[in-house]
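Please keep the sequence and the three-dimensional view at hand while reading.

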Amino acid sequence: MMMDQNAEQLRLLSIFHYIVGAIIALFSLFPVIHLAVGIAMVAGAFENPDQGQPPPTWFGWFFILFALAFIVIGLAVASCVLIAGRNLSRRSGYTFCFVVACIECLFMPFGTILGVFTIVVLNRQGVRELFAP
């Protein structure tokens, strides 16, 4: 009975990892607006002789670089969460799932809740046996 309960909890954790991974991916795409503004600054879209000096070009590059960094890091974390969800359903990659659960705790509130529950479930002896090769 305990093995069935552990298997069911791993299945639920896997589903929730897919959901939280999609949410993280969605939120990591918000800086696309900043990316567009930065590209417009570099391309000179804000140059208007009636309104004085346009913003400097380096400011546009600042927008572009920080937006790209945020998007890339966010999508990388989302990919790791999605892979951890797949690994939980396949019962493989115990260490990877544990590390991703620890990293998820940084993303409040959903990541924190899911990360803590995942850590608690993965620390059970019965669950460790399910991950054994």
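Leaving aside residues up to four places away in sequence, Val 121 touches Gln 9, Leu 10, Leu 13 and Val 127. The model in which these contacts are found is a predicted one. Val 121 belongs to helix 5, and with a relative accessible area of 8% it is buried, because buried means under 20%.

Helix 5 covers residues 110-122, and its 13 residues should span 18 Å at 1.5 Å a residue, which agrees with the 18 Å between its end C-alpha atoms. Besides Val 121, the buried residues of helix 5 include Gly 111, Leu 114, Gly 115, Thr 118, Ile 119 and Leu 122. In helix 4, the buried residues are Cys 97, Val 100, Ala 101 and Glu 104. Seen down the axis of helix 4, these fall within an arc of 105°, so they line one face of the helix.

**The largest nonpolar core**

The largest nonpolar core has 17 residues, of which Leu 10, Ile 24, Leu 88, Leu 122, Val 127 and Phe 131 touch the most other members. Helix 1 (2-28), helix 3 (57-90), helix 4 (94-104), helix 5 and helix 6 (125-131) each give two or more residues to this core, and helix 3 gives the most, with five residues.

| Residue | Residues touched |
|---|---|
| Leu 10 | Leu 88, Arg 91, Val 121, Leu 122, Val 127, Leu 130, Phe 131 |
| His 17 | Val 81, Leu 82, Ala 84, Gly 85, Leu 88, Glu 104, Leu 114, Thr 118 |
| Ala 25 | Leu 75, Ala 78 |

His 17 is found in helix 1, and at 0% relative accessibility it counts as buried. Ala 25 is also a residue of helix 1; from C-alpha to C-alpha, Ala 25 and Val 72 are 9.9 Å apart in space, although 47 residues apart in sequence.

**The largest pocket**

The volume of the largest pocket is about 290 Å³. Of the 15 residues that line this pocket, Ile 23, Ile 24, Phe 27, Ser 28 and Phe 107 are the closest to its centre. Helix 1, helix 3 and helix 5 are the elements that give two or more residues to the lining.

Most residues other than glycine have a negative phi, and most peptide bonds are trans. Which residue has a positive phi although it is not a glycine? Arg 91 does, with a value of about 60°. Arg 91 is found in the loop between helix 3 and helix 4, and it is partly exposed, with a relative accessible area of 28%. In the loop between helix 4 and helix 5 lies Pro 109, and the peptide bond from Met 108 to Pro 109 is cis, with omega near -5°.

Notes: Residues are numbered from 1 along each chain as its sequence is written. This is a predicted model: local features need pLDDT of at least 70, side-chain atom pairs count only at pLDDT 80 or more; totals for chains, interfaces and linings use all residues. Side-chain values use heavy atoms; hydrogens and water are left out. Helices (H or I, at least four residues) and strands (E, at least two) are DSSP runs, numbered from the N terminus. The expected span of a helix is 1.5 Å times one less than its number of residues. Buried means under 20% relative accessible area, exposed over 50%, partly exposed in between (1.4 Å probe, protein chains only). A nonpolar core is a set of buried Ala, Val, Leu, Ile, Met, Phe, Trp, Tyr and Cys residues joined through side-chain atoms within 4.5 Å. Contact means heavy atoms within 4.5 Å. On a 1 Å grid over the protein atoms alone, a cavity is a set of points where a 1.4 Å probe fits but cannot get out, and a pocket is an open set with protein on both sides within 12 Å along at least five of seven lines; lining residues have an atom within 4 Å of a point. Grid points are joined across faces, edges and corners, and a volume is the space filled by probe spheres set on the points. The arc is that of the directions from the helix axis to the C-beta atoms.
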